[in-house]
Every structure is written in structure tokens, then in C-alpha cells.
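My entries are below the view.

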Amino acid sequence: MPATRVKVNTTDVLVSLSDTGAAGSHRSLARASNGRIWACYRGTDTTRQVYAAYSDDGGLTWTEELVSPAATQGFPGAQVIMVDSSDVPHVIWHLNTGVETVRYSSRSGGTWAAFETVFTSGGTLAEMAACI
């Protein structure tokens, strides 16, 4: 299998996907069965938005989409993107609003759904993982 190029439009991204030395950059990749590559990452400290981008040409070009609105009430932590057996992407992300929460959105029908809060904790959420 040839190497896959990964370069995402990072004009408003806190940490680029290629910056492997950055602590806490919280980015993830997933590949759909049709070959589409999905990336998920957070925006800058000022926007605090969660983004997804996809590439249909092995990473040469990317289409960036907003998954969550500005998280002005908190700071997003880790994001995880997954693709189900129907090639629908799903994103979960951690948000610290003074209360630790995990939010979820999926992109069925070509647009990202309004997020749901799927977990709330009174303590500290140190790690998060997901699978489909």
C-alpha cells in the first residue's frame, strides 16, 4: 500500500496534524471503506471549535467542516473521529466547562448534527476513548 499524504487546511487550527511533538494537540484520523480520509482537530484558543476535514484524493486536498460551534463556555480537549460501516463519520470530544463533559455529533445526510452531551462528570476526565 502506498504512503498516504496527510496535510489538512490548518489556517485556524491550534496544532497542525503534522506537529507530532505538541503535547495535548488532540487530533485523530480515520479512513472510510470508500477510501475517504477523515481528520478531526480543534480550532485556536480563541474559537475553541471542533473541526473535521476529509480528503478523497489520498490527502492532496481537504474539505474542512465545522463540527461544533464556539465553545466559549469551556475548553475542548481530546477529539476522536470514527467511521461506521456505512461510512458515516462520528466525532466525540471532551469539553471542560467547569464540569467535565463528553459531546457527540455525526454527519449522516451530508451535514453535522447538533451535538449531544453524552456524559457529564463531577470529577476530572483524564482519558477518553471510543469505538464503533
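I kept in mind that the model is predicted.

**Entry 1: sheet**

I started with the strands. I found an open sheet of 4 strands in the order β1-β2-β3-β4, with antiparallel pairing. Its edge strands are β1 (28-31) and β4 (63-66), and each pairs on one side only. From one strand to the next, the twist averages 20 degrees. I then checked the β3 and β4 pair, which is antiparallel and runs over 4 bridges. Tyr-54 has Thr-63 in β4 as its bridge partner.

**Entry 2: cores**

Next I looked up the largest nonpolar core, which has 13 residues. The members that touch the most others are Trp-38, Val-50, Ala-52, Val-67, Ile-81, Val-91 and Trp-112. Which strands each supply at least two residues of this core? I noted β2 (37-42), β3 (50-55), β5 (75-83) and β6 (89-96). The largest share, 3 residues, comes from β3. Another core, of 6 residues, lies apart from this one, and includes Ile-37, Ala-39, Tyr-41 and Tyr-51.

**Entry 3: rings**

A search of the whole structure gave me 4 aromatic pairs. Why do I log Trp-38 and Tyr-54 as tilted? Their planes meet at 50 degrees, which falls between the 30 and 60 degree limits, so the pair is tilted. The ring centres are 5.0 Å apart. Trp-38 is in strand β2 and Tyr-54 in strand β3, 16 residues apart.

Trp-38 also pairs with Trp-112, edge-to-face, at 6.1 Å centre to centre and 90 degrees between the planes. This pair links distant parts of the chain: Trp-112 is in the loop between β7 (100-106) and β8 (116-121), 74 residues apart from Trp-38.

**Entry 4: a loop residue**

Last, I checked Asp-87, in the loop between β5 and β6. Its phi is near 65 degrees, a positive value in a residue other than glycine. Its relative accessible area is 22%, between the 20% and 50% limits, so I log Asp-87 as partly exposed.

Technical notes:
Residues numbered from 1 in each chain as written. Predicted model: local features only at pLDDT ≥ 70, side-chain atom pairs only at ≥ 80, totals over all residues. Heavy atoms only, no water. Core = buried A, V, L, I, M, F, W, Y, C linked by side-chain atoms within 4.5 Å. Buried < 20%, exposed > 50% of the residue type's maximum accessible area, 1.4 Å probe, protein only. Pairing = 2+ DSSP bridges. Axes fitted to C-alpha atoms, helices over the stretch in contact; angles between N-to-C directions. Phe/Tyr/Trp six-rings, centres within 6.5 Å; stacked < 30°, edge-to-face > 60°.
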